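Colleague: I have some questions about the terms used for this model. Please take them one at a time.

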Amino acid sequence: MADLRVTLLGTELKNPVIPASGTFGFGREFAELYDISMLGAVATKGLTLEPRAGNPTPRIAESRGVILNAVGLQNPGVRHFIEEDLAWLREKTKVIANVAGKDVEEYGKICALLDGKVDFIELNISCPNVKCGGMAFGIRPESIENVTWVAKNALKTTPLIVKLSPNVESIAENARAAERGGADALSLVNTFTGMAIDIERRRPILANNTGGVSGAGIKPIAVRMVLEAAHAVKIPVIGMGGITCAEDAIEFMMAGACAVEVGTQNFTDALACPKIIADLGAWCDAHGVERIRDLIGAARMNG
Amino acid sequence: MIETRATVLENVRIAENIYSLTFATEQPVPVRPGQFCMLGVTGFPLRRPLAICMAEGERITVCYQVKGRGTEMLARGYQRGHTIPVLLPLGNGFFVRQEEKKVAVVGGGVGVFPLVSVIRAYAQEKEIFSYVGFRTRAAVCMQYELQRSKELTVTTDDGSFGKRGTAVQALMENIGRVKPDVILSCGPLPMLRALKNAVGGKIPAFVSLEERMGCGVGACLVCVCSLSGGAHARVCKDGPVFDLTEVDLNG
Ligand SMILES: Cc1cc2nc3c(=O)[nH]c(=O)nc-3n(C[C@H](O)[C@H](O)[C@H](O)COP(=O)(O)OP(=O)(O)OC[C@H]3O[C@@H](n4cnc5c(N)ncnc54)[C@H](O)[C@@H]3O)c2cc1C
Ligand SMILES: Cc1cc2nc3c(=O)[nH]c(=O)nc-3n(C[C@H](O)[C@H](O)[C@H](O)COP(=O)(O)O)c2cc1C
Ligand code: FES
């Protein structure tokens, strides 16, 4: 059996498969379906300083090969997570706390509260569904560098992953901005901003009008962006966007990702992550790959 | 709650645009009345939530209206012997307390399907009074199952079958005589609002809600509804059945 372990910033993950933020809650519900300790890590639902009620419904829609969501960061607040869910989740596997602030200062405060308590922090600087926060930080290199610096300075021990938005001009430039700000790693991509219109009602399906596009249809764009980011920086990169199977995960690793996150596919198949883990092992065995980490960045460009 | 590869036993049209799909799961599934399942349709990233109408061991029946592309594919693309991924059983379901003997069931359109499971579960031990409304004669279905009720009133909007009018009107025409201990309902929002106006707070009443879903298990928070106090509840996990007085139907 191939060795599926990967190392992320000095921490060993059993395998590179991580359920993506927002699709897996804090793990409790999926734990009723399978033993989530088999996962490389879990990325939590986006956490804010105070509890958030989120957007009106409908919050989800479907289009060919993709979905759109506009949850609006509903969550019970970071303190509630620390008190109620963190100990349970950490017993199972490595924890990536996904955080979102309404302004730069709040990012720092949330990071300070989580410092030393989780394995990684993933800074969501790119949520397209919250009017006053998220996205604003995630599109311009100067603001990315700034918010990363503030978050990093609030942290004494926990490594910082900055999650990049794909709704940008140059992913390489933004990747470098996060690295300059002090990010220990990057993750990408978050969702693409989109819209789906109900032509009978002549109105957008989502109550929020626009939403974040995810799922199989975004994969080729995400792979390209992960490769560009990985080439632009020296820090490790976690890849995601439309992963539905082990082969998709391998594609991201070959593009330069040292681990992958799986989002929408958890909806299509509640057992997606366990299946991908099993199939990654089978693929490596069938291809004579002894250590999956040997695949990281293995894709060579033509010409 | 299990994720299973079910085998289609039957997928047949039972009324205008309405199909009945029976499948066998890989293992027996204990189902409470009012629970639902998430059916995976090949090529569609989101699963379709459908109420479980009947459940006997590994044999499960759902009934669905063809509305959009997913249910159209379900009706056209799945025949006996095909496999279909299903996540079930989901949600809280309807509960009837020991001391509640007379149960009024109020259903509109596709809302009758979760209520069929209630009637099947309680027809023996309770007195069930059913009021079900359809748009028109061609949409009427589930007659055989509904007739397990002690009393059944079928209405149609256009009067082409049964009584002209709505299920809530039929309930209100009989409520003084029947004096139900509890009302269980599912149907379109306007119907649920009419029910709330008519009986809200006077008689215990529980309604099953519909909302667009992602995970179906309570993790993604896309399916929320508002409770009267302003809090959010997940339709898939905290519902789909809610106390009529506690749920905000204006959203
Ligand atoms: C708990 C629950 C139980 C249900 N039980 C039944 C039933 O027994 N019989 C029945 O005919 N219908 C039922 N519905 C409604 C049914 O889920 C939708 O009609 C169906 O999902 C529409 O899919 P589509 O492919 O036809 O439409 P599309 O427009 O292609 O669907 C696009 C997306 O929107 C979602 N969607 C669209 N309309 C609804 C809706 N009204 N409710 C929830 N999601 C929706 C779909 O699931 C899909 O994710 C139930 C809904 C819920 C939430
Ligand atoms: C319903 C839903 C909620 C999400 N919530 C968050 C969130 O809170 N924070 C975040 O950083 N990303 C969030 N995302 C984005 C995912 O983590 C992921 O970046 C994106 O969906 C792309 O991956 P996928 O195509 O595998 O789904 C959410 C995605 C979905 C579908
Ligand atoms: S559908 Fe995910 S929480 Fe209800």
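Modeller: Two strands pair if DSSP finds at least two bridges between them. Keep in mind that this is a predicted model.

Colleague: What makes S6 and S14 of chain A a pair?

Modeller: Strand S6 (residues 66-69) and strand S14 (residues 210-214) of chain A are joined by three bridges. Pairing needs at least two, so the two strands count as paired. They run antiparallel. Within S14(A), Gly212(A) is the bridge partner of Asn69(A).

Colleague: Why are S5 and S11 of chain A called edge strands?

Modeller: The open sheet has four strands in the order S5-S6-S14-S11 (chain A), and the pairing is antiparallel. Strand S5 (60-63) and strand S11 (192-195) each pair on one side only. Neighbouring strands of this sheet are turned by 40° against each other on average, direction ignored.

Colleague: Now chain B. Which residues of helix H4 are buried?

Modeller: In H4 (residues 167-178) of chain B they are Ala167(B), Val168(B), Ala170(B), Leu171(B), Asn174(B), Ile175(B) and Val178(B). Buried here means under 20% relative accessible area.

Colleague: How do you know that they lie on the same side of H4(B)?

Modeller: Because they cover an arc of only 140° around the axis, they are on the same side of H4(B). Glu173(B) and Gly176(B), on the other side, are exposed.

Colleague: What do the buried residues of H4(B) pack against?

Modeller: Strand S8 (102-108), strand S9 (127-134), strand S10 (151-156), strand S12 (182-186) and helix H5 (189-199) of chain B. Just after H4(B), Lys179(B) has a positive phi of about 50°.

Conventions
Residues numbered from 1 in each chain as written. Chains lettered and ligands numbered in written order. Predicted model: local features only at pLDDT ≥ 70, side-chain atom pairs only at ≥ 80, totals over all residues. Heavy atoms only, no water. Axes fitted to C-alpha atoms, helices over the stretch in contact; angles between N-to-C directions. Buried < 20%, exposed > 50% of the residue type's maximum accessible area, 1.4 Å probe, protein only. Arc of directions from axis to C-beta. Contact = heavy atoms within 4.5 Å.
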